Amino acid sequence: MNDTDYNAKRIGEVIWVNGPVVRARGSQKVGMLEVVEVGPEHLVGEIIGLEQDIMTIQVYEETTGLHPGTAVYGTGMPLSLELGPGLLRSIFDGIQRPLPVLEMRSGVFIGRGVKTTPLYRKQKWQFTPRVAVGDKVRGGSILGTVPETPLIEHRVMVPPRLTGTLTWVAPEGEYTIVDPIARLQMAQGERELTMMHRWPVRRPRPYQLRLPPSELLLTGQRVLDTFFPLAKGGAAAIPGGFGAGKTVTQHQIAKWSDADVVIYVGCGERGNEMTEVLQEFPELTDPRSGHPLMERTILIANTSNMPVAAREASIYTGVTLAEYYRDMGYDVAMMADSTSRWAEALREISGRLEEMPAEEGYPAYLAARLAGFYERAGRVETFNDATGSVSIIGAVSPPGGDFSEPVTQHTRRFTRCFWALDKTLASARHFPSINWLESYSEYVDEVVDWWKAQGYGDWYNLRAKALELLQHESHLQQIVQLVGPDALPDDQRLILMTAWLLREGFLQQNAMDEIDSYADVEKQIAMLRAILHFHDRALKVVGKGCPIVVLHDLPVVNRLVRMKATVANGEVEKILAISQAVDEQMDKVETDYL
Amino acid sequence: MTEKMNAHSIGGQEVTGATRIEGPLLVIENVSGVGYDEVVEVIDQRGRVRRGRVLEVGEGMAVVEVFAGTTGLTIEDTTVRFLGHSMGIPVSVEMLGRVFDGLGTPIDGGPEPLAEHWADVNGQPINPTARVYPRDPIQTGVSAIDGMNTLVLGQKLPIFSGSGLPHDQLAAQIVRQAALPETHRRAEGGADSNEFAIVFAALGVKHDVAEFFRNSFADSGALARVAMFLNLADDPPIEQLITPRAALALAEYLAFEKDYHVLVVLTDMTNYCEALRQISNIRGEVPSRKGYPGYLYSDLAGLYERTGRVKGSKGSITQLPILTMPNDDITHPVPDLTGYITEGQIVLSRTLFQQGIYPPISVLPSLSRLMKDSIGAGQTREDHAHLSAQLYAAYAHVQEVRSLASVIGEEELTTVDRAYLTYGRAFEREFVGQAKDENRTIEETLNIGWRVLSILPRNELTRVREDEIEKYYGKKN
Ligand SMILES: Nc1ncnc2c1ncn2[C@@H]1O[C@H](COP(=O)(O)OP(=O)(O)OP(=O)(O)O)[C@@H](O)[C@H]1O
Ligand SMILES: [Mg+2]
């Protein structure tokens, strides 16, 4: 992708151009998925089809002006990333071109044919070796460490699949990513290693062993953590119509989740949303470390108006970066907003190739590609015997908000968490608009022990009870819509009331509110206990004949719905005080009315 | 903006005779070195010139789209001249106050404006790192917008309407009343005006619609700062594929080179999409939904993303596209894909319109995504976010109560629910409803909001803070 590390040689000439798809005739030695450069500006592209001497190329830049007869150059390499220190805090386009460098080169608007290396070559990094001459190492072994950001230690690894004995190791000191830091004697000969290596984006990075997910990916979002938890190494889908809250939810997870590293891929979405992250993250601090969030974040921005082929690649770029940090033993969370735009890029390219369409114009291989992508999530034992994980959270933008369309349906098959966003909730400004009846998580059983280990053995039951109340409510609401709430007996009206408390006081969470934006587990559980405690007490007094209206008017109700924004993390005693007030007021009701 | 005339193609080459003519498309053979997306001149047997561009090139072959259509062109006598560059227009500040056709040629009888710069109509994507995140609210004087769907300087906020609804009136009112945020009032550089420059593009709308806007600009004395690009109902529809791009090329020049704050009105985007669909169908492309091409999203994004603010420039582009939803269906591909790209939408409702409420803005499906960072203390007022959320939540409940009331009757409702009905009516008539020339300050809007909220019992108000209730609830303002 950059012209400094290899020499492109002429392999053919263009014979046909249609948008991002170009056909060329020439050498039969070109490999499928090889990166090529097209025309005098050396526009970057990738071989996506070969038939005799005709190659089909998807071009990652605008093809305006390209004409038959112009040259195509080969690079001999598949689309690959540069992996090494300097990735964190960066923002790249879909094929790992650093956007700030593009801005320096071509100004406000992204020009074509700008060549630059993804990682800055001149920066010196403080390298501390962890190995010695004579050590036997293999792909994934840690050679040494670099403080990449104050938050993340970069573990420099032997590139995957190499094994051998170290014949030389650089002493502790400052090196650039192209300086040699070790020499490896392999069966095939000796090889110099640097802090950087390349890896093709479409090939999953190897690991030693796949492990079952067992830990919660803590997001601080109550409806997620408490009701529909995602495990580290799991995959979740957020489908929803426009404006339902996919992006805000993904931003919230990027901000507050307890992943070590966050990869955020803006895939075919708005420019301003990436700018927002770029301007906001350096100012926000991680609630656990107190460091700016940007220190653990990499952004990939291939916005809707950027070339569609690079949009197709952006998802793979993102997940490859995620695997790279996983291999160092980190828990990585990757967000892709939106996978539907990626699927549409596939469709657009497929259409220009005149392939046989399957459902709704999508190519028949849509499902296979989606599966391949989500399969790259997982918790693994790395080749340096650490545990790392990649969690994937994919937004889905179904046309018309209708989940029966192919991308949503296939995504559902390959993810185990389904956070269904609901238009009606969103228009009532109930956010996150995650529908508690339609959503599910298959990780509930996997994370029970995690909750227990945190000291919340009652999580499973609290959750089940709350969900049951909400389900019961939805059933009762159908009756209410026919006869009005007054027709229900008071114990059933109490269910409506508690469900209302759960919805307003617990499920709803305002991302814009400083206190409410993030709730730690302690607060989540305390809130849930308080609301369910209210229910239990209320059930008794109602059972004894106290009219429900009396409960509506209890002053503590107002405190319960407001505690999400009035009680900060670390102040659970205030929630306990509210529970105490529940008891006092219920006691009083009992003496007054019964 | 750098010139993007990527002429590796030879240019100037001329070929007489077409191989095939189909709809607006010409297939030309025996050419070489024709560039993808290159502009052409098509000359008929009487020497008249039409413009077009290259949609596909192969060995010795090119597919050309003729903007004005192919009527009257013959296989034998049609000459195509390849110009060797992509579609561009000359742009300059003097274009304000002028009227152009859909391809940017003046049609007001005035001289060709002096080009200060040659701009590629397709523009280039703005680098996200070069953007400035918009956070300055524009006061439009319309409560349903300012109070609940605040328009922000540099935002793209479309109006989703239906045929016969007063979207033109609303857009004209917004254009007339839109006041630059305090902080931007004294723009320096080329733009010494305290007001917006307006770029208006008509896409296949009727003459009277264009005339209505013209008169409205004239009445408010804005004409001298308006550039109009007109492709009207009887103009060739394929031209519409260029019209918004030409308009935006001028907007970009004014905003990012000359520091103007530009308000772009595009109407009707549904016609634009129709033109795109037509070309796609003729080319036999695999359709996605309802016959629209799979790249409709990317194509629209290529227009809508040409909005915003960028580093190093004091200007901005704010887009107010108008589209009519076929059958009032918001899930139709045109509004649907638009909503996925724009930063919110203002939705008009036929029901409110029939009840005589103007502007008939249906607030529940409406949204301004940039509002969250653009309101509050220092920008509008500290209670704005909560008030707006409360108005929304309460009005959403009104819908449930109304449907319940229609089953069990109003008398059977609880007192609280009856209060919701009263609130619903007051909200629609007093908050949403206003006169076509009524220009409310944000303060007034927020106060009306509190006034109608005060119809509800205070403990129903869980989205506003208690100190805000203390300060504003039930207060005479
Ligand atoms: N948790 C939340 N708290 C407060 N407001 C929210 C929350 N989630 C969403 N919103 C509101 O909803 C708006 C739309 O959300 P968002 O941009 O995430 O939608 P989306 O699903 O990504 O839409 P699109 O598909 O068009 O990108 C936001 O601008 C914000 O006002
Ligand atoms: Mg979004």
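Domain bounds, as used in these legends, come from an automatic or database domain assignment, and the structure shown is a predicted model.

**View 1. Domains of chain B.** In this assignment, chain B is split into domain 1, covering 2–85, domain 2, covering 89–373, and domain 3, covering 384–472. Taken over C-alpha atoms, the centres of domain 1 of chain B and domain 2 of chain B are 30 Å apart, and the contact involves 18 residues from domain 1 of chain B and 15 residues from domain 2 of chain B. Between domain 1 of chain B and domain 2 of chain B, about 1,500 Å² of area is buried, with 58% of that area coming from carbon and sulfur atoms.

**View 2. The shell around ligand 1.** Ligand 1 is surrounded by 21 residues, of which the closest are A:Lys246, A:Thr247, A:Val248, A:Arg270 and B:Arg369. Because the surrounding residues come from chains A and B, the site of ligand 1 is shared between chains. By class, the shell comprises nine nonpolar, seven polar and five charged residues. Helix H3 (246–256) of chain A and helix H7 (333–341) of chain B each contribute at least two residues to this shell, and H3(A) gives the most, with three residues.

View 3. Backbone N or O atoms of A:Gly243 and of A:Gly245 each lie 2.8 Å from an oxygen atom of ligand 1, while an N or O atom in the side chain of A:Glu269 is 3.3 Å from an oxygen atom of the ligand. Of the 620 Å² of accessible area that ligand 1 has on its own, the protein covers 94%.

Conventions: Residues numbered from 1 in each chain as written. Chains lettered and ligands numbered in written order. Predicted model: local features only at pLDDT ≥ 70, side-chain atom pairs only at ≥ 80, totals over all residues. Heavy atoms only, no water. Near = heavy atom within 4 Å. Polar contact = N/O pair within 3.5 Å; in protein donor to acceptor, adjacent residues only side chain to side chain. Areas by Shrake-Rupley, 256 points an atom, 1.4 Å probe, with all protein chains shown as cover. Helix = DSSP H or I, 4+ residues; strand = E, 2+ residues; numbered from the N terminus. Nonpolar A, V, L, I, M, F, W, Y, C, P; charged D, E, K, R; others polar. Contact = heavy atoms within 4.5 Å. Buried area = accessible area lost by both parts, 1.4 Å probe.
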